[in-house]
Amino acid sequence: MSPVLHRRLLSGLVVILLVTAAVPATAVGATAEPPSATVSTSVADSSTAESASADEEANVTTSTDQSANATVSVHGLRTWTATGSADLSGLRDLREAEDSGNLTRSAVVARNDTLVLELRASGLAGAIAAEEGPNATARFVAFLNRSGASLDVYDLPGPEQQRAYLDVTDHSAVSVVPDPRNDSYYLAVETSEVNVTDGDGGTPANNRRPWGGHVANFTLRKSSAVTDGDRETATTEFRIEDAEATLDAPDETDRVLLAPGPNQTVSGRTTLAPGHRVTVEVRGPDGEIRSETVRVRNGTETAGRFAADFYLSGVPAGSNVEVWVGHDGDSLLDHYPHDATVPASVRLLDAAVNLTERGLTAQGVLVEDARLSHGGYLAVHRGSADGEVITRSQYLTPDDEFGQFVDYGPALESNATLVVVAHRAGPGDTLGEPYAENGSVVSDSVEFTVERETTTTTETTRRTTDLTTATDSTATTDSTTATTVETRTPYPQGDVPGFGVGAALVGLLAGLGLAGRRE
């Protein structure tokens with residue numbers, strides 16, 4: 001080896017060592033940790049999947065501003081409601097109450113029911129366990145009394161009113177159920193027993209009672225010993241309302257419409273927590289009282305709803321009756337102007353539906369005219385009157401004439417028998433029983449047929465022959481050349497723009513080889 005080549009080789013090795021030292025660990029396949037960021041989320045209760053219907057979900061706002069080494073992370077605060085009789089003394093009891101429908105997510109809590117606040121935070125278990133106290137409630141309250149930690153529950157007062165606070169440190173009205181495995185802590189607050197104060201040293205709030213809009217706020221301030229100096233907070237909003245009920249009745253009549261027959265449903269909604277039992281009475285003109293006690297339902301769409309069925313075959317058509325709804329002997333209809341009852345009419349069921357093939361398309365069917373004595377919906381069934389429901393009309397007001405196009409939604413793609421059936425309105429906005437006349441369902445039908453066009457296409461195949469003519473008339477043979485494209489995986493680039501370690505080595509050795517040949 002010549003001296004010149006030897007010196008260049010030594011210089012190249014020095015460059016390789018310098019390049020290797022400059023490349024960080026991420027350049028050889030490791031993934032760098034992303035920088036810390038401030039997270040702010042806002043979720044409307046629900047609902048949830050813990051879901052529920054839109055007006056039953058608590059608004060949850062969680063703000064996190066913390067470093068990666070913070071001891072505690074606050075994830076959220078949300079509201080539940082439970083019957084006053086529900087056993088929430090332990091985690092197993094709480095889960096059983098949830099499974100049985102006696103504990104449910106809700107942004108509305110009836111007075112005298114139980115408000116349950118769920119604080120979701122990781123890292124609190126050790127801090128709470130370190131406090132002194134005979135039980136979980138005492139230790140949690142001791143933790144709240146520490147400097148830097150607070151849980152404030154207060155109302156949203158009207159003009160010129162002072163804010164009132166629910167004293168969630170009151171052991172006689174509040175109990176805590178920890179679920180550290182799931183980073184949750186449940187505070188069950190008895191709204192009928194909790195102290196209401198002005199927030200200044202526990203002074204009673206001028207005999208004010210808790211109702212209306214409320215806010216719950218959990219905060220770990222910068223001075224808290226369980227954070228690294230960054231503020232943690234979570235907020236939820238809810239309402240405490242009187243225990244009351246509303247009945248499903250047409251807005252235009254403000255009367256419950258019934259019929260002289262079996263299975264006459266009286267339905268409605270109540271602010272009472274699911275799991276409660278309410279009594280529904282139909283009081284006839286002869287003084288006879290028909291009574292049914294039913295359970296307030298749970299579920300995403302049915303939470304807070306109730307429905308009772310009555311046998312009214314003996315009540316003459318044209319009778320006026322009254323409906324009463326109560327709980328524990330007290331009326332839930334005090335807000336109605338009819339002596340805590342709602343008027344109802346017993347009338348014969350009568351309905352008519354007429355369709356027309358005019359305007360029948362893959363997108364919808366034209367109802368020429370329809371009339372429903374008790375109101376309800378026109379449901380479009382496929383195949384038969386008890387077949388699949390494709391769509392339904394808007395709500396039809398009792399006795400009003402209806403005639404319009406009913407859209408299917410997704411267009412029909414195959415032949416179908418379409419049967420439009422007149423239904424009474426069920427609980428909420430559900431479909432009730434079909435109208436019937438002489439034992440037959442009131443309906444009308446049309447046949448939808450997909451029109452198919454047959455198109456004959458003649459394809460002409462043309463072949464083009466490329467001929468290459470040589471001057472000596474020698475035939476040329478066509479040849480196919482296959483090109484292979486090599487897929488290359490780039491080297492990690494790291495902090496060296498344009499080059500990795502491998503690229504540097506290849507470039508250096510190639511340069512040395514050229515230099516050697518030139519030598």
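Residues are numbered from 1 along each chain as its sequence is written. Because the model is predicted, local features need pLDDT of at least 70 and side-chain atom pairs count only at pLDDT 80 or more, while totals for chains, interfaces and linings use all residues, and side-chain values use heavy atoms, with hydrogens and water left out.

We may start with the pocket. On a 1 Å grid over the protein atoms alone, a pocket is an open set of points with protein on both sides within 12 Å along at least five of seven lines, whereas a cavity is a set where a 1.4 Å probe fits but cannot get out; lining residues have an atom within 4 Å of a point. The largest pocket has a volume of about 860 Å³, where volume is the space filled by probe spheres set on grid points joined across faces, edges and corners. Its lining counts 38 residues, and the closest to the centre are Leu 257, Thr 265, Arg 424, Ala 425 and Gly 426. Strands E16 (256-258), E17 (264-270), E29 (416-425) and E30 (431-434) are the elements that give two or more residues to this lining; strands (E, at least two residues) and helices (H or I, at least four) are DSSP runs, numbered from the N terminus. E17 supplies the largest share, four residues.

Six bridges join E29 to strand E26 (residues 377-382) in the antiparallel sense, and Leu 378 stands opposite Ala 422 in E29. Strand E33 (residues 443-448) likewise pairs antiparallel with E29 over six bridges; there, Leu 418 has Val 446 as its bridge partner. With E30, E29 makes two antiparallel bridges, and His 423 is partnered by Pro 434. E29 and E30 form a hairpin with five residues between them, and Gly 428 in the turn has a positive phi of about 70 degrees. Eight of the 10 residues of E29 are buried (under 20% relative accessible area, with exposed over 50% and partly exposed in between; 1.4 Å probe, protein chains only), so E29 is largely enclosed by the rest of the structure.

A separate description applies to an open sheet of three strands, which has the order E24-E25-E28 and antiparallel pairing. Its edge strands, E24 (351-356) and E28 (405-407), each pair on one side only. Neighbouring strands of this sheet are turned by 40 degrees against each other on average, direction ignored, with axes fitted as lines to C-alpha atoms. E24 and E25 (residues 364-372) run antiparallel and are joined by six bridges, and Ala 351 stands opposite Leu 372 in E25.

Two loop residues complete the picture. Most residues other than glycine have a negative phi. Asp 328, although not a glycine, has a positive phi of about 55 degrees; it sits in the loop between strands E21 (320-327) and E22 (330-331) and, at 68% relative accessibility, counts as exposed. Asn 438 also has a positive phi of about 55 degrees without being a glycine. Asn 438 lies in the loop between strands E31 (436-437) and E32 (440-441), and is exposed, with a relative accessible area of 77%.

Definitions and conventions
Pairing = 2+ DSSP bridges. Axes fitted to C-alpha atoms, helices over the stretch in contact; angles between N-to-C directions.
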